[in-house]
Amino acid sequence: RLTAIITNLLDMSRLEAGVLRPVLRTTSLEEVVPSAVHGTGQRAKDVVIEMPPDLAEVQADPALLERVVATLVTNAVHWSPVGATVRLHAHRSAATVQLHIIDHGPGIPRHQQAAVLQPFHRLDDSGSGGLGLGLAIADRLVAAMGGQLELRDTPGGGLTVVVALPVS
C-alpha cells in the first residue's frame with residue numbers, strides 16, 4: 001500500500017511538472033480493458049464489459065490507459081454495494097471512442113464533481129477512501145493522451161465516468 005501511495009505521489013508530481021510523456025500508439029480497448037478489470041481481484045466478477053466487436057482503435061499509451069481503467073473500475077467496485085454490477089460500455093462517438101464506467105454506488109454530488117478531480121480532494125474523511133489522488137491522476141493521464149475524462153450522474157443513482165479518446 002505504501003509503494004502504491006509513493007508511486008501515485010511521484011506520478012502526480014511528474015504530471016503536474018509536465019514531464020510524464022505518454023508513448024501513443026494505435027491501441028485496442030479489447031487488449032486493455034479485460035486486463036485492467038482482472039486486476040480488481042475477486043470483485044472482477046461484478047464487472048460486465050460491453051464492447052462491440054468492431055469498435056475502432058484509439059490513440060493511447062496502452063500501459064497508462066490500463067492504469068486509468070484499473071483505477072476507475074477499482075473506484076466503481078469499491079463504492080458499489082456488494083453484489084451490484086459495474087458496467088463498462090464502449091462505443092464510438094464521432095472522432096472519439098467513449099468508455100463509460102457505470103456504477104450504482106452513492107455517486108458524487110454535481111457541485112463536487114470538478115473538485116474530486118483535484119489532487120488530495122476526497123468527499124469525506126471517513127477513512128474508507130484513498131488519498132484523493134486516483135481520479136486526479138486518471139484525469140491527467142487521459143488528458144496527456146489527448147482525451148477527456150468526464151463525471152456524470154448515473155440514472156437511478158451512482159456515478160458514470162466517461163473516458164473519451166481520439167480514434168486512431
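Helices (H or I, at least four residues) and strands (E, at least two) are DSSP runs, numbered from the N terminus. The model shown here is predicted: local features need pLDDT of at least 70, side-chain atom pairs count only at pLDDT 80 or more, and totals for chains, interfaces and linings use all residues. Residues are numbered from 1 along each chain as its sequence is written, and side-chain values use heavy atoms, with hydrogens and water left out.

**View 1. The whole chain, to get your bearings.** The protein chain holds five helices and seven strands. Of its 168 residues, 42% count as buried (under 20% relative accessible area, with exposed meaning over 50% and partly exposed in between; 1.4 Å probe, protein chains only). Among contacts (heavy atoms within 4.5 Å) with a separation of 6 or more, 66% come from residues 24 or more positions apart.

**View 2. Helix H3 on its own.** With 18 residues, H3 reaches 26 Å from its first C-alpha to its last, close to the 26 Å expected at 1.5 Å a residue (the expected span is 1.5 Å times one less than the number of residues). The buried residues of H3 include Pro-62, Leu-65, Val-69 and Val-77.

**View 3. Where H3 meets H5.** Two packed helices are described by the angle between their axes and the distance between the axes. For H3 (residues 62–79) and H5 (residues 134–144), the angle is about 145 degrees and the axes are 9 Å apart. Here, axes are lines fitted to C-alpha atoms, for helices over the stretch in contact, and angles run from 0 to 180 degrees between N-to-C directions. On the H3 side, look for Leu-64, Arg-67, Val-68, Thr-71, Leu-72 and Asn-75; on the H5 side, for Gly-134, Leu-135, Ile-137, Ala-138, Leu-141 and Val-142.

**View 4. Ala-94 in its loop.** Ala-94 sits in the loop between strand E4 (86–93) and strand E5 (96–102). Although Ala-94 is not a glycine, its phi is positive, at about 60 degrees. Ala-94 is exposed, with a relative accessible area of 69%.

**View 5. Ala-115 and Ala-136.** Ala-115 lies in the loop between helix H4 (110–113) and H5. Ala-115 is partly exposed, at a relative accessible area of 26%. Ala-115 and Ala-136 are 21 residues apart in sequence, and 9.3 Å separates them in space, C-alpha to C-alpha.
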